[in-house]
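Please look it over before reading the points.

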Amino acid sequence: MMASVIFVVSLVCLLQFFVSYCRSVIAASAKQPLSQEVQDVTGLKNSASREDFARVTQLLHLCPERPEDRNRVHAIGAYFSLLGVLRATVARFIPSLREWTSLEQGQCAYFVAVALDRRIAFSRELLAQQMDA
Amino acid sequence: MLACAAVSIGRFQILSSHGFTSAEYVYFYYYSDLLLTIGLYCALMSLYAHVFEEMGAERLVRFGALLLLLGTSAFSFLIVEQASNKIVSRFVVELSQNLYFVGLVLTYVLWAAILKLRETRTRLIQIVLSLGVYLSLFAADYALRNLYPSQRSLFISLLQVIGLFLPLTWAYAFWRLPEEARMAPARLAVAPR
């Protein structure tokens, strides 16, 4: 009985902390402007929509990985999927929640675009180091 | 983090000299786990002190933390005394598990305080949130171990993966987030605003 209570409480807390953690990661990159190059490639400027997520993620996977952002990209991918589940179930009956999930998923897409920008810069640095060597 | 690295080296030494199923390894594992949990509890208290530093409530936080630690120890001892004859070794495991859950509840209260006090330091916010995720995962894993004892080995292996989360997220927070970075905590609350 006690273990079940602890399990349920832990899951509720986990969900709350995970969502807030993902939002803090997204918020930290939301103010960063995209370089002209990434704007041209992705077609994004200051914001993104949920439909952009899959496309920008595909572009991201084409670039060499940066060890520093791998976990955060996975976490935001999981958050995007979680929002997708919410959108397909509960949010179908609550319009304001549906709107909120769309907005959040758009911010996830923008986060991935910022990560793409960093990976391109990282690849450039690597190339420059190899040229110097 | 240093204590964690030292304990990992010690565990590896004992594992290679005595083996995985030896009593030495089991004792060392659980006793060191308790010490690390108390260390994490102290780290959580220092986060409390950071959040409440402007209110000058550091002494109160320290006193409350000590009281809670003693209370959790007494509670764990009472449970063990009734349920087992191997009091000391069982007490170590029980206290460790209970401290994870108490830590989770305290982190939740700290997060509520951050939202209420409008704490804006990005680094502090991310450290508290990642600690919350870590403790929730640990508490859930311990609860699942008690609910499904036959799957114990699976949940123990999961703990090793979960254990990576905190060092990675804290390392990111300390190395990548500038100390002066700020964010509005109201934007992070789960409920749409």
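The model is predicted.

**Chain B overall**
- Chain B contains six helices and zero strands, and from the N terminus on its elements follow the order α-α-α-α-α-α.
- The C-alpha trace of chain B spans about 50 × 35 × 30 Å along its principal axes.
- Of the 193 residues in chain B, 26% are buried.
- Among the contacts in chain B with a separation of 6 or more, 64% are between residues 24 or more positions apart.

**Helix α2 of chain B**
- Helix α2(B) takes in residues 23-51, which is 29 residues.
- From its first C-alpha to its last, α2(B) reaches 42 Å, close to the 42 Å expected at 1.5 Å a residue.
- Its buried residues are Leu40(B), Leu44(B), Met45(B), Tyr48(B) and Val51(B).
- An α-helix has 3.6 residues a turn, so residues three or four places apart point the same way.
- The cover over the buried residues of α2(B) includes α3 (58-83), α4 (87-117) and α5 (122-147) of chain B.

**Where chain A touches chain B**
- On chain A, 23 residues are in contact with 26 residues of chain B.
- On the chain A side, the elements giving two or more residues are α1 (2-30) and α5 (95-132) of chain A.
- The largest share of that side, 18 residues, comes from α1(A).
- By class, the side of chain A that touches chain B has 14 nonpolar, seven polar and two charged residues.

Conventions
Residues numbered from 1 in each chain as written. Chains lettered and ligands numbered in written order. Predicted model: local features only at pLDDT ≥ 70, side-chain atom pairs only at ≥ 80, totals over all residues. Helix = DSSP H or I, 4+ residues; strand = E, 2+ residues; numbered from the N terminus. Expected span 1.5 Å × (residues − 1). Buried ≥ 20, exposed ≤ 12 C-beta atoms within 10 Å, placed from the backbone. Contact = placed C-beta atoms within 7 Å. Nonpolar A, V, L, I, M, F, W, Y, C, P; charged D, E, K, R; others polar.
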